[in-house]
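Q: I have a model open here and would like to talk it through. Could you take me over the main points?

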Amino acid sequence: VMMTASAQQPDTYQEASRPSRLTFVLFPAIAVMLGWGWRGYIGGGPFAAMIPGAFVALSLSLLLGHDRRTAAMAALFGAVGIGYGGEMTYGQTLGLACNPETMGWGLLGVTIKGAVWGLLGGAVLGAGLICAQYTKRTLLVGLLLTVVFLFLGWKLVNEPRLMYFSDPVNKPREELWAGLLFAALAFLAWIHGKGKGAGARVPLYFALWGALGGGIGFGAGTLFLVYGPSLPVPQEWFGWWKAMEFFFGFMLGAAFGFAAWLYRDLLGNTNADDAAPSGSLIHLAGLAALVVVYFLVFPYVEAFLEAPQDLPAIVAFNAFRPVYTFVFFGAVCIILGLYSLPAAWHVAITVTFLHTIIDLNRDMPGMLDMEVPFGVQAAVLVLAVGAVALAVQALRNRSGAVPGLYLLLMWACFVVSTVVSFMRREYIDADGGLSVLWKMHPSTLTMYAVYVVASLITTWYIWRLATSKRGV
């Protein structure tokens with residue numbers, strides 16, 4: 001049975017010492033705006049969406065004064081939950097929105113996709129913020145349902161294109177938004193029924209606020225792409241796609257921050273001791289094996305099963321499809337984190353950072369306009385990710401672990417974004433000198449300035465909350 005707020009709430013978390021409502025909204029809004037701006041710049045797909053997911057979860061944990069275990073669970077669920085939405089394709093949907101003849105349908109599509117992103121991400125984040133009230137079996141079944149219903153939604157709606165928001169003629173893309181919607185509804189129904197007391201409604205609250213913030217953020221943010229090019233401003237200084245991403249992230253982060261403010265009494269009353277044991281090396285080894293299988297083995301399996309011709313091959317292909325998704329990968333990550341606190345932190349920080357280096361290696365030949373030996377790329381991956389992994393191990397049990405790990409992930413991503421911005425062949429003169437600033441496109445300078453300012457503001461919020469001893 002859940003204890004009352006007054007019985008569980010520590011003295012340091014009384015109403016007078018809580019951050020203001022404005023801080024609850026602005027801190028995660030700016031942090032997620034930053035993380036969303038990096039998504040697509042230092043990484044793509046669901047793994048890059050883990051960046052804003054980890055940021056929003058850690059922001060909320062600092063605001064709510066969570067202990068290390070509760071913060072680890074929040075970061076784990078937040079990174080994975082927001083990462084889920086990255087499975088969706090939306091480039092062609094944005095193209096439809098920018099075409100006057102299809103603008104209404106395109107705007108409807110991005111609004112639905114943004115709402116689904118926030119709905120599923122908010123449901124998983126909300127469950128993570130209060131996961132101590134659930135048994136591990138409950139969470140395992142809920143995660144299994146996301147995988148099963150992802151497949152059902154894809155098969156029933158997306159594959160037959162009952163509602164299709166991409167270009168049906170020019171290189172049509174495979175959509176997955178309905179699969180993620182089905183996954184969100186199944187997860188919410190299960191987890192809500194297994195909740196206890198008032199806390200049972202937290203995942204639903206966060207899902208609904210996430211749907212609102214995501215729908216408005218993506219739908220209204222797309223208007224930057226539609227009308228930005230016609231605004232009376234120096235166009236070369238503005239990247240309207242990036243403006244859309246910044247707005248999307250800001251609104252989603254603000255929505256989750258406001259939800260945390262509204263339900264702060266419920267969210268401050270957590271005790272994750274039973275939900276997040278210390279674990280052992282076997283869980284870290286399992287996480288490493290999962291990463292290797294997902295990135296190195298599954299692509300070959302997919303190529304082998306591609307274009308099935310006979311019934312056994314079709315069955316094998318359809319059985320493999322839900323497994324080779326981030327939803328399955330994320331579910332396994334959460335399961336490992338539930339049994340191992342170190343694994344939880346490494347998913348939220350190390351795995352999130354890992355993909356930024358994978359993308360950096362992938363883009364490096366084009367950036368430098370030269371072949372980059374495999375050994376060099378391997379060294380970059382091992383040294384960068386190894387350094388972050390070692391730092392996670394060193395920080396996770398120390399006083400100030402939560403703000404320290406947050407700053408580690410944020411500034412590691414900042415370094416990668418700086419490398420991506422400035423490590424370009426075209427910025428080097430024939431005589432070997434650098435002429436970066438006057439060769440860079442003005443919109444790149446604007447974007448990088450936003451990264452700098454947002455990183456400094458986020459750091460200030462983290463420092464302010466850490467020095468007030470709200471996070472441990």
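Q: What does the accessible surface of the chain come to, and what share of it belongs to carbon and sulfur atoms?
A: The accessible surface comes to about 19,400 Å², and 68% of that belongs to carbon and sulfur atoms; the areas come from the Shrake-Rupley method with a 1.4 Å probe, and for residues only the protein chains shown count as cover. This is a predicted model, in which local features need pLDDT of at least 70 and side-chain atom pairs count only at pLDDT 80 or more, while totals for chains, interfaces and linings use all residues. Residues are numbered from 1 along each chain as its sequence is written, and side-chain values use heavy atoms, with hydrogens and water left out.

Q: How many of the residues are buried, as a percentage?
A: Of the 472 residues in the chain, 54% are buried, meaning under 20% relative accessible area, whereas exposed is over 50% and partly exposed lies in between (1.4 Å probe, protein chains only).

Q: Switching to cysteines, how many disulfides turn up?
A: A search of the whole structure finds zero disulfides, a disulfide being a pair of cysteine sulfur atoms within 2.5 Å.

Q: Last one: what does the C-alpha trace span?
A: Along the principal axes of the chain, the C-alpha trace spans about 65 × 60 × 50 Å.
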